[in-house]
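The sequence and structure come first, and the description follows.

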Amino acid sequence: WSSGGCSSDLRAVSGERSYEPSAWEWVREQVEQYEASGGAAANTLRDTGLPIVVLHTVGRRSGALRKSPLMKVEFEGVYALVASQGGAPTHPWWYRNLLEHPDEIALQDGPQPFAVTVREITGEEKAQWWARCVEAYPPYAEYQAKTDRVIPVLLASRR
């Protein structure tokens, strides 16, 4: 995160961490284009036309700032973060980072990232949000069907 124009909450979240771009070229490029345009470009998942947000976490081993484009699932100002990893048998790295550094998370949905509080949901609350998630991105249902793990859903709210 740059310090220019950020809230004190965001500076507290970001600290003086160096940014470590993704090893995946398409992720690096999407994040770079998204940030350079203030969210006006590279704001959809590849050629699907479906909107994304950029999640900021701290690497649990590196301690570096990490950024991940995720599907945008938003309802009344709250965002769902779906740890699907395409239905892989393991959780995505960003989910593990988030658990390790729960107080250092931000989300970018537009020009500037903002600090968020995140909590994992279960039961009826998860069922309601899962329906919203599948509506926003139908492949989530296929991802859950192809893995034995329960795909975590977390809610992110502005601090």
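Contact here means heavy atoms within 4.5 Å. Helices (H or I, at least four residues) and strands (E, at least two) are DSSP runs, numbered from the N terminus. Buried stands for under 20% relative accessible area, exposed for over 50%, and partly exposed for the range in between (1.4 Å probe, protein chains only). The model is predicted: local features need pLDDT of at least 70, side-chain atom pairs count only at pLDDT 80 or more, and totals for chains, interfaces and linings use all residues. Residues are numbered from 1 along each chain as its sequence is written, and side-chain values use heavy atoms, with hydrogens and water left out.

**Helix 3 and its surroundings**

Helix 3 spans residues 93-100, and its buried residues are Trp-94, Tyr-95, Asn-97 and Leu-98. Viewed down the helix axis, these buried residues fall within an arc of 160° (taken from the directions from the axis to the C-beta atoms), so they line one face of helix 3. An α-helix has 3.6 residues a turn, so residues three or four places apart point the same way. The cover over the buried residues of helix 3 includes strand 1 (52-58), strand 2 (65-71), strand 4 (78-82), strand 6 (113-120) and strand 7 (153-158).

Ser-68 belongs to strand 2 and is buried, at 5% relative accessibility. Beyond its neighbours within four places in sequence, Ser-68 is in contact with Val-53, Val-54, Leu-55, Trp-93 and Trp-94.

**Nonpolar cores**

A nonpolar core is a set of buried Ala, Val, Leu, Ile, Met, Phe, Trp, Tyr and Cys residues joined through side-chain atoms within 4.5 Å. The largest one has 20 residues, and Ala-80, Val-82, Cys-133, Tyr-140 and Val-153 have the most contacts inside it. Two or more residues come to this core from each of helix 2 (25-36), strand 1, strand 4, helix 4 (123-136), helix 5 (139-145) and strand 7. Another core, of 16 residues, lies apart from it, with Tyr-79, Trp-94, Tyr-95 and Leu-107 among its members.

Tyr-79 is in strand 4 and is buried, at 8% relative accessibility.

Two C-alpha separations are set out below.

| Pair | Places apart along the chain | C-alpha separation |
|---|---|---|
| Tyr-79 and Ala-156 | 77 residues | 5.1 Å |
| Ala-131 and Ala-141 | 10 residues | 9.3 Å |

Ala-131 is located in helix 4 and is partly exposed, at 47% relative accessibility.

**Largest pocket**

A pocket is an open set of points on a 1 Å grid over the protein atoms alone, where a 1.4 Å probe fits, with protein on both sides within 12 Å along at least five of seven lines; lining residues have an atom within 4 Å of a point. The largest pocket holds about 540 Å³ of space. It has 22 lining residues, of which Trp-24, Trp-26, Pro-69, Leu-70 and Gln-85 are the closest to its centre. Strand 2 gives the largest share of the lining, four residues.

Ala-42 and Arg-46 are not glycines, yet the phi of Ala-42 is about 55° and that of Arg-46 about 40°. Arg-46 is exposed, with a relative accessible area of 53%.

How values were computed
Points joined across faces, edges and corners; volume = space filled by probe spheres on them.
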